Amino acid sequence: MALSKPQQKVWDVLRDPFCGVTIRTNEDLLEGMKRSKAKGKALDQLGEFFLYIVSRRLNSKQYNRLTYADDMIQYAIMMMLKCYVDFDPQKSNNAWAYIITLIDSAFLQYMNRERKQALLKEELLERRINA
């Protein structure tokens, strides 16, 4: 079974930790975010970093063994692309912490959605059995 391009990128990142990512420090990230904000769109370099850091974060202990991990990665990247422009370097120089907070928030939002869906499904099954 052949993988789609996004799936292949995720697979490459999981296989090779840095996978060609050039952003590795907070300063690089801050500079990349400033340049992307100035251009009005996310640069490829920033997108690769987002994919890399989300995949690494998903492999941590607290998010291990989730069946909907690919969906969580996609949702987190979507949220980062939506919210990275809100980062204000005048208030803080720690872009890394901002990105990690965005990722964790996106993961929690997605897990809450999945939990609600599971509860709804369970409730509908109970109604059907009891009816």
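Mentor: Gladly, and let us start with Glu 123 and Arg 127, which form a salt bridge with their closest N and O atoms 2.7 Å apart. This is a predicted model, where local features need pLDDT of at least 70, side-chain atom pairs count only at pLDDT 80 or more, and totals for chains, interfaces and linings use all residues. Residues are numbered from 1 along each chain as its sequence is written, and side-chain values use heavy atoms, leaving out hydrogens and water.

Trainee: Why is the contact of Glu 123 with Arg 127 called a salt bridge?

Mentor: A salt bridge needs a side-chain nitrogen of Lys or Arg within 4 Å of a carboxyl oxygen of Asp or Glu. Arg 127 and Glu 123 have N and O atoms 2.7 Å apart, so the pair meets the 4 Å limit.

Trainee: What separates Glu 123 and Arg 127 in helix α5?

Mentor: They are four residues apart in that helix, about one helical turn. A helix here is a DSSP run (H or I, at least four residues), numbered from the N terminus.

Trainee: How do you know whether Arg 127 is buried or exposed?

Mentor: Buried means under 20% relative accessible area, exposed over 50%, and partly exposed in between (1.4 Å probe, protein chains only). Arg 127 has 52%, so Arg 127 is exposed. Glu 123 has 38%, so Glu 123 is partly exposed.

Trainee: What makes Asp 104 count as buried?

Mentor: Its relative accessibility is 17%, which is under the 20% limit. Asp 104 forms a salt bridge with Arg 57, at 2.8 Å between the closest N and O atoms.

Definitions and conventions: Helices (H or I, at least four residues) and strands (E, at least two) are DSSP runs, numbered from the N terminus.
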